[in-house]
Amino acid sequence: MILVTGGAGFIGSHLVDALCGEHDLVVVDDLSKGRMENLAGVIDKIKFHQMSILDKNLKNILKDVTTVFHLAAQANVRRSVENPFFDLDVNVKGLLNIVESAGDLERFVFASSGGAVYGEPERLPVDEGHSTKPISPYGVSKLAGEKYLHYYSHVHGLKTTCLRYSNVYGARQDPFGEAGVISIFIDRVLRNVAPEIYGDGEQTRDYIHVSDIVAANLAAMIRVGTFNIGTGVETSVNRLVEVLSEIAGRDVPVVHGAEMAGEVRRSFLSIEHAREGLGWEPRLSLVDGMQKTYDYFKGLQ
Ligand SMILES: NC(=O)c1ccc[n+]([C@@H]2O[C@H](COP(=O)([O-])OP(=O)(O)OC[C@H]3O[C@@H](n4cnc5c(N)ncnc54)[C@H](O)[C@@H]3O)[C@@H](O)[C@H]2O)c1
């Protein structure tokens with residue numbers, strides 16, 4: 001049986017859609033951020049438990065679980081700064097509780113973060129050999145999760161795959177969240193509110209569509225290792241606005257706010273290791289991915 005933690009969330013629910021039908025699935029999500037609507041199409045075919053990953057009773061539920069996709073997390077960088085203890089509990093103790101509670105565990109696929117575990121990029125694109133010096137409690141807790149999995153793999157033979165995602169976007173992303181600039185901008189454009197750019201808009205990231213993240217998780221079912229999962233393409237916020245203007249068929253007006261303190265100026269990931277080691281590569285271009293996301297949010301109106 002396969003467990004998806006955080007399966008009612010943005011990325012997790014897409015993964016559940018992809019796995020459903022092919023596998024027996026159990027989903028654990030406390031619905032702190034996730035929503036039952038995200039599971040509407042599959043709810044009859046899965047076992048769903050509204051529970052925290054910190055719950056000690058998980059042992060009873062997870063005794064037949066052999067494979068875990070672990071996506072449940074405190075995923076908000078700012079919140080991790082405000083409350084590092086909470087972040088530690090959910091992201092580190094929660095991960096440990098899942099590993100220790102799953103009865104016949106053979107394989108563990110972990111949603112880590114390419115934006116958070118490396119810290120300030122010393123070179124670009126950032127490859128997996130780059131130093132890991134996280135600059136937020138969230139980055140520290142994701143890295144600690146990876147290290148615990150290394151221990152379980154080395155000492156207990158657990159097959160582990162750590163996927164270091166870049167900036168993920170797509171349908172079901174919370175447009176009012178902290179991250180997810182593409183979804184935030186699309187939502188604003190559809191409401192005729194000017195998106196706000198912090199600073200000059202030349203800051204860059206690596207934006208990957210959620211369907212490519214799902215494909216990487218599926219590829220990880222037969223591979224082990226630590227992989228960056230991004231597009232390898234560097235995109236500025238100004239470029240996002242350009243693409244959005246093309247999609248919306250009009251010039252999108254923006255407002256400029258103050259630069260975010262401590263924000264990394266440029267960041268994008270090398271994905272060569274994932275290409276070779278996972279046999280995976282991203283399929284959706286930024287334009288196509290943004291169009292799909294735009295259509296989704298438009299459909300919600
Ligand atoms: N979205 C991105 O750009 C991105 C980038 C890098 C890594 N990640 C990682 O991918 C994973 C999924 O992120 P997402 O963007 O889908 O976020 P999300 O908030 O939509 O999903 C996380 C899910 O975990 C659930 N959850 C939180 N705390 C829980 C707990 N204690 N017990 C049970 N469930 C709990 C939430 O309700 C939510 O459904 C996270 O681990 C995140 O750190 C995301």
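Student: Where does Leu31 lie?

Tutor: In this predicted model, Leu31 sits in the loop between strand S2 (25-28) and strand S3 (47-49). Its backbone deserves a look too: phi of Leu31 is near 60°, a positive value in a residue other than glycine.

Student: Which peptide bond is cis?

Tutor: The one that joins Leu124 and Pro125, with omega at about -10°. To find the spot, go to the loop between strand S5 (107-113) and helix H5 (137-156), where Pro125 has its place.

Student: Now the wider view, please. How is the protein chain divided?

Tutor: A domain can be built from separate stretches of the chain, as you can see here. Domain 1 takes 2-168 + 207-230, while domain 2 takes 170-204 + 233-270 + 282-300. The C-alpha centres of domain 1 and domain 2 are 25 Å apart.

Student: How many residues of each domain are in contact with the other?

Tutor: On the domain 1 side there are 32, and they meet 24 residues of domain 2. Area gives another way to read the boundary: the two domains bury about 2,200 Å² between them, with 58% of it on carbon and sulfur atoms.

Student: Which residue forms a salt bridge with Asp17?

Tutor: Look for a pair of oppositely charged side chains. Arg172 is the partner of Asp17, and their closest N and O atoms are 3.0 Å apart. Between domain 1 and domain 2 the count is 1 salt bridge. For polar contacts, the count between the domains is 9 residue pairs.

Student: Which elements give two or more residues to the side of domain 1 that touches domain 2?

Tutor: They are helix H1 (10-19), helix H3 (77-82), strand S6 (159-165), strand S10 (207-209), helix H7 (210-219) and strand S11 (225-229). The largest share, 4 residues, comes from H1. Sorted by class, this side of domain 1 has 15 nonpolar, 10 polar and 7 charged residues.

Terms used: Residues numbered from 1 in each chain as written. Predicted model: local features only at pLDDT ≥ 70, side-chain atom pairs only at ≥ 80, totals over all residues. Heavy atoms only, no water. Domains from an automatic or database assignment. Contact = heavy atoms within 4.5 Å. Buried area = accessible area lost by both parts, 1.4 Å probe. Salt bridge = Lys/Arg side-chain N within 4 Å of Asp/Glu carboxyl O. Polar contact = N/O pair within 3.5 Å; in protein donor to acceptor, adjacent residues only side chain to side chain. Nonpolar A, V, L, I, M, F, W, Y, C, P; charged D, E, K, R; others polar.
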